[in-house]
Amino acid sequence: RVKSNNLDVDVTELELETEEKGAEEESTKESDSSILDVSSDYPREKHISIQRHLADLEKLADLKEDEKKPCPLCPEEKFKSCYGHKLHRHLQNLHWKVSVEFEGYRMCICHLPCHPVKPNLVGDQTLSKMGAHYHCIICSATIMRRTDMIGHINRHVNKGETESRFITVPAPKSREVLKESATDVQVLPNYSTPQKTDSYFNPKMKLNRQLIFCALAVLAEERKPIECLDAFGATGIMGLQWAKHLRSSVKVTINDCNENSVTMIQENCHLNKMKVKLNTKEEDNDEATGDGEENTDTIEVTKMDANVIMHLRSFDFIHLDPFGTSVNYLDSAFRNVRNLGIVSLTSTDISSLYAKAQHVALRHYGCNIVRTEYYKELAARIVIAAVTRAAARCNKGIDVLLAVALEHFVLVVVRVLRGPSPADDSAKKIRYLIHCQWCEERIFQKEGNMVEENPYQQLPCDCHGSMPGKTAVVLGPLWSGALFNTGFLRRMLFEAVQYGLDEAQPLLKTLVCEAECTTSKPFSSHSPYDENKQEECGVYIKTPNTSAESFLVHGKRKSDELIRNVAKRQKSESSAEHPAFYYNIHRHSIKGMNMPKLNKFLSYLSEAGYRVSRTHFDPMGVRTNAPLAQFKTVLMKYSAPTYTGGQAEGPVHLAEDVQAAEQVQAAADSKTDDEFLEDDKSGAAAATFTKDYPAHCAAD
């Protein structure tokens, strides 16, 4: 028994020792795996397939002419060892040419057993076929197709994940400080390229920022304080300008969903000696930071999606400036905006709005468009139509205060009018446009739901009767109302002068003349707030000079109805709104004739009894209520013929030439269109016939 007991004791001791060893091995394995997991979170070394130059890849292969070397990116069974010249061609043609470039690096295709695929069912089941693949420079993913790799990198860039996690120490990012309108902002390198930076700052949008500031300053004079939101802050330059110049009149909230942009906004607030109230969650977990000894103003910085913050909170002023179209944020913007508040939006998707990508305009705005001579105003009316539909879904109407379409952006500023009646009135102004593709004449379709037998009859031109086939297209739906509010523009101009915004002043003067459709510029130096009352949006805005607090009279129901009735009567007595669209004087110039100077031509049209003005949409555009036929008649009457003799270019204003032009016009009026068609049976094109019109008349 004793021996057996001793044997039992020995066996149990051996079992204990083996269990302890197994436990130690398992613990070491767990520790190793945990170390591997931790090391994966740390910066890793780049894969050998990621190189900067082809020479680096050849150096990795250690090319020698007299020795056979294997390919560093292919297994031995796929590519056998060879001499240097053959290996050089292999690296260049197979690996380097099909690489994917990103931030100076090339992700070459790799054939090493890094990416196992499913076993080949036809061949040996025990061996796995290794597929060709790419190694991502940012994450540890391996992707087989080149197009998929490019899409994978683009998704990293869109998320802001542009820093590759290499073991090499990255160079510190130097930040440049830019100054605009007495506001300093720090920007990262490549700040003007949205694909290469998290905090996008475009210096070319300075005029856009000044216009939005003027609109906010006008609203701040009506009621104080107002809550305003910059939904896409980026560097925070716009919200900082609001808080720095308007101070206690506004409560500024700057929002951005990117964490790096939020950090940049906080640093820029400290740079301008502003207090920061940080709110990074949808709940009210606020935390105040910063030292604002010199300036007691506080800017609230939030990290949310733009739709979320506009659903959660109400604002008096909202500005939307996303990268591209802003239609995805319109419903949220009009959901909680306060009555008589202002919504401004900047659209930078000009390729679709300017009819270069018509299918995108149909997808985003539900609008059918073609390229026309008035494409910029067409773009503004497309955006306003989308804004009107979004506001009507929230039982709100709009009053368009400003619509600007320039080279890089389309800016629309509207005032919000609550109630189903304003919403219905605004929705009725969305109509289709009939556009003649021969002469560029255009007209909005008549109101009503009845189907017209011949829609071409609505056009003033006779191209359908004289030209074969279909000559017109239906564009829209578009906004058919006014694009400007004269009183609001005058107050914006006053604010631009007060704050020294030099770039916005010439444009605002042009907009005031365009809104009134006049060539004169009656701009006074005194404040437009000196008047006791200003009628706008169906209500009177009372802005006395004696009191520092400007307020909006909306009172109780009876007083409100009384004010609205008086405003409607005042509105009916006021002048009509500006005519829709414009004509380009070069587009309708006459072949073989020197047209007059633009300003003189405007005076000629005005003397003929038409309203006329220049337009900011086109430097050679003329906004007038004259039909296109009368426009061409006046243009031809005051154009001088071009002589082939050694005469200087330009219009010649001689009495004989004017008399000849009048005789030509009289002959043109006496001759019917049928006679012209009979004379032109040789098969000339319609456009050539139109341009050669005076020549035919002179020949007859």
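## Basis of the report

This is a predicted model, in which local features need pLDDT of at least 70 and side-chain atom pairs count only at pLDDT 80 or more, while totals for chains, interfaces and linings use all residues. Residues are numbered from 1 along each chain as its sequence is written, and side-chain values use heavy atoms, with hydrogens and water left out.

## Cysteines

A disulfide is a pair of cysteine sulfur atoms within 2.5 Å, and the structure holds zero of them. Cysteine 110 is in no disulfide, and the nearest cysteine sulfur, in cysteine 114, lies 4.2 Å away.

Buried means under 20% relative accessible area, exposed over 50%, and partly exposed in between (1.4 Å probe, protein chains only). Cysteine 110 is buried, with a relative accessible area of 0%. Cysteine 436 is also buried, with a value of 0%.

## A sheet of three strands

Helices (H or I, at least four residues) and strands (E, at least two) are DSSP runs, numbered from the N terminus. Two strands pair if DSSP finds at least two bridges between them. An open sheet of three strands has the order β18-β17-β19, with antiparallel pairing. Its edge strands, β18 (442-444) and β19 (472-479), each pair on one side only.

Strand β17 (residues 430-436) is joined to β18 by three bridges, and histidine 435 stands opposite arginine 442 in β18. Helix α12 (residues 375-393) lies across β17, β18 and β19 and runs at about 50° to β19. Such angles run from 0 to 180 degrees between N-to-C directions, with axes fitted to C-alpha atoms, for helices over the stretch in contact (heavy atoms within 4.5 Å).

## Helix α18

The buried residues of helix α18 (residues 598-607) are Leu598, Phe601, Leu602, Tyr604 and Leu605. They cover an arc of only 160° around the axis, so they lie on the same side of α18; the arc is that of the directions from the helix axis to the C-beta atoms. Among the elements covering these residues are β25 (612-614) and α19 (628-637).

## Serine 49

Serine 49 is found in the loop between α1 (2-41) and β1 (50-51), and counts as buried at 1% relative accessibility. Leaving aside neighbours within four places in sequence, the contacts of serine 49 include Cys110 and His135.
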